[in-house]
Amino acid sequence: MELFELTIHELHDKLKKKEVSSVEATRALLARIDAVEPRVNAFITVTPEEALKNAEAADRRIAAGDMQLLTGIPIALKDIFLTKGVRTTCASRILDNFIPPYDATSVARLKAQGMVLVGKLNQDEFAMGSSTESSYYGKTHNPWNLECIPGGSSGGSAAAIAARQAIATLGTDTGGSIRQPASHCGCVGLKPTYGRVSRYGVIAYASSLDQVGPVTRDVTDCAIMLGAVAGFDPKDSTSVDLPVPDYSKALSNDVKGLKIGLPKEYFIAGLDPDVQKTMDAAIETYKGLGAQFVEISLPHTDYAVATYYLIATAEASSNLARYDGVRFGHRSSEAQGLIDMYRKSRSEGFGEEVKRRIMLGTYALSSGYYDAYYLKAQKVRTLIMQDFSRAFEEVDVILTPVAPTPAFRIGEKSADPLQMYLSDIFTIPVNLAGTCGMSIPAGFSKDGLPVGLQLVGRPFGEECILRAAYAFEQNTDWHERKASL
Amino acid sequence: MKITKAEVEHVALLARLELTEQEAETFTGQMDAILAYVDKLNELDTDGIVPTAHAVPMENAFRADEVTPSIGIENALGNAPKRAESFFRVPKVIE
């Protein structure tokens with residue numbers, strides 16, 4: 001097996017036994033990036049010099065016996081995380097030349113373990129999208145079929161894992177932006193409970209929904225990455241001060257007696273037959289392992305997309321007000337006066353999807369419409385949260401599809417924003433409820449595209465969904481299949 | 001029509017965006033469709049429902065009033081499109 005194909009835990013074992021050095025592994029990854037990047041376009045910035053310097057430092061650390069699970073592991077990050085001294089664009093022209101003066105907390109935590117940053121990954125601009133088609137730096141292609149989207153907005157994170165261009169990655173999930181691309185690219189992706197991982201230094205899209213999480217090759221790596229970044233951070237006022245469990249210890253093959261809920265609103269007529277078939281097979285696998293299934297109802301599911309697009313865009317319109325061309329980012333050279341400078345800088349710097357969401361959010365918050373749209377959406381959010389609370393009185397885990405269809409073709413939904421928004425229908429409710437959810441590889445469509453399975457847990461119930469995911473993984477081989485590139 | 005082109009242009013003004021004629025046309029149609037879709041929320045009776053702003057209860061996050069290291073003036077100005085001495089430079093505001 002090539003070095004770039006290893007998981008975190010496999011490479012960690014080899015580094016520990018001195019069978020391979022971090023410099024060798026990093027060189028292998030950088031060569032792999034060079035080889036496939038022209039076809040995939042998963043990266044915005046590759047950092048070979050910094051990576052090799054960090055790999056040398058990691059090798060010294062390993063030689064000195066000071067090794068942690070991520071020491072010397074080549075990792076790439078969505079370009080939404082601030083990385084000190086390394087360009088961070090959020091896939092937008094407005095931040096094309098932005099060099100952060102500090103690290104995001106999750107980046108600092110990975111660095112403290114000695115990770116090797118190989119680059120910054122492509123995404124939808126400001127994380128607004130479900131297909132990674134709205135990046136200023138071009139579209140990312142799905143490694144399983146280059147004519148298809150990889151999902152979004154963490155499409156670069158998922159594509160880089162599927163194309164074996166990084167051992168592990170971090171993404172962010174506001175309405176499904178980790179789980180949906182993980183599903184479309186055959187990866188494991190986890191959105192932790194809101195507040196579990198610090199958002200400090202993560203460029204904000206919708207602050208009450210955004211959450212940082214891993215995209216990895218397998219469930220074990222997912223637990224390792226979550227453990228590395230989770231935990232209280234005084235720099236994020238929404239960070240929750242709860243002890244971080246050892247997620248790796250949760251990985252047990254035993255799901256006997258686990259009560260799994262199947263929400264009837266998620267298994268509807270019109271669900272893609274390949275997705276339905278995959279769900280049916282996954283349910284049989286779990287039944288074979290002794291899990292119990294219970295039909296449940298999440299009655300407000302049908303209102304989640306509408307709720308999300310009011311709340312998320314309202315928060316986005318506020319968060320993106322900081323891009324004014326004054327302190328950082330693009331400044332128009334055409335402007336006459338201050339207000340004109342704001343308008344021209346923002347209009348030149350933001351892409352179409354970002355403008356559309358700012359407009360929608362500004363409208364929803366504007367005088368006369370606030371109660372009818374934003375306040376109404378916040379009340380429906382309460383109803384959606386109550387749905388989940390009631391469901392978790394009955395079951396331990398909820399099983400659903402991740403997306404209504406496998407990856408669609410590039411360009412297929414770009415002209416119709418509403419259709420694009422509806423592709424997140426099964427992931428959005430989890431963000432609104434603030435609870436945790438993950439996507440694991442569960443099968444393939446007849447066209448050879450990966451199909452993921454979503455497991456949703458109680459707030460701070462990451463250990464439970466990791467256990468359920470691990471048991472599924474141990475009894476199937478979907479995660480072992482590779483895209484041929 | 002849920003929203004007119006004139007309203008879209010007004011919202012653009014509020015959002016500090018300058019739209020081309022084509023963008024204003026396109027956004028009017030798209031926002032109209034999206035707003036018609038989100039109207040489905042009115043099917044629900046939400047009287048007496050407490051709105052949720054955050055999924056976790058939010059409290060003020062206090063810390064001791066102590067001086068801690070900051071990024072410093074040079075770092076803060078490092079990405080400034082234009083600067084003058086220790087300041088961000090912007091077009092003249094007052095005539």
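1. Two strands pair if DSSP finds at least two bridges between them. In this predicted model, strand β2 (residues 74–78) of chain A and strand β4 (residues 168–173) of chain A are joined by 3 bridges and run parallel. Within this pairing, A:A76 has A:T169 of β4(A) as its bridge partner.

2. Strand β2(A) also pairs with strand β3 (residues 116–121) of chain A, again in the parallel sense, over 5 bridges. Here the bridge partner of A:A76 is A:G119 in β3(A). Between β2(A) and β3(A) the chain passes through helix α4 (residues 105–113) of chain A, and this β-α-β crossover is right-handed.

3. How many residues of strand β2(A) are buried? The count is 5 of its 5 residues, so the strand is mostly covered, buried being under 20% relative accessible area. As background, side chains in a regular strand alternate between the two faces of the sheet.

4. The next point is a helix pair. Helix α9 (residues 304–319) of chain A packs against helix α12 (residues 371–394) of chain A at an angle of about 125°, and their axes are 9 Å apart. Because of that angle, which lies between 115 and 145 degrees, α9(A) counts as oblique to α12(A). The crossing of α9(A) past α12(A) is left-handed. From α9(A), the residues making the contact include A:T307, A:L310 and A:I311. From α12(A), they include A:Y373, A:Y374 and A:R381.

5. The last point concerns one residue, A:V197, in the loop between β5 (188–191) and β6 (211–216) of chain A. Is A:V197 buried or exposed? Its relative accessibility is 0%, so A:V197 counts as buried. Leaving aside neighbours within four places in sequence, A:V197 is in contact with several residues, among them A:P192, A:V212, A:L226 and A:D236. A:P234 is 37 residues away from A:V197 in sequence, and the two are 11 Å apart in space, C-alpha to C-alpha.

Conventions: Residues are numbered from 1 along each chain as its sequence is written. Chains are lettered from A and ligands numbered from 1 in the order in which they are written. This is a predicted model: local features need pLDDT of at least 70, side-chain atom pairs count only at pLDDT 80 or more; totals for chains, interfaces and linings use all residues. Side-chain values use heavy atoms; hydrogens and water are left out. Buried means under 20% relative accessible area, exposed over 50%, partly exposed in between (1.4 Å probe, protein chains only). Helices (H or I, at least four residues) and strands (E, at least two) are DSSP runs, numbered from the N terminus. A crossover is right-handed if, with the strands pointing away from the viewer, the path from the first strand over the helix to the second runs clockwise. Axes are lines fitted to C-alpha atoms, for helices over the stretch in contact, and angles run from 0 to 180 degrees between N-to-C directions. Angles under 35 degrees count as roughly parallel, over 145 as roughly antiparallel, 65 to 115 as roughly perpendicular and the rest as oblique. A crossing is left-handed if the near helix is turned anticlockwise from the far one by less than a right angle, and right-handed if clockwise. Contact means heavy atoms within 4.5 Å.
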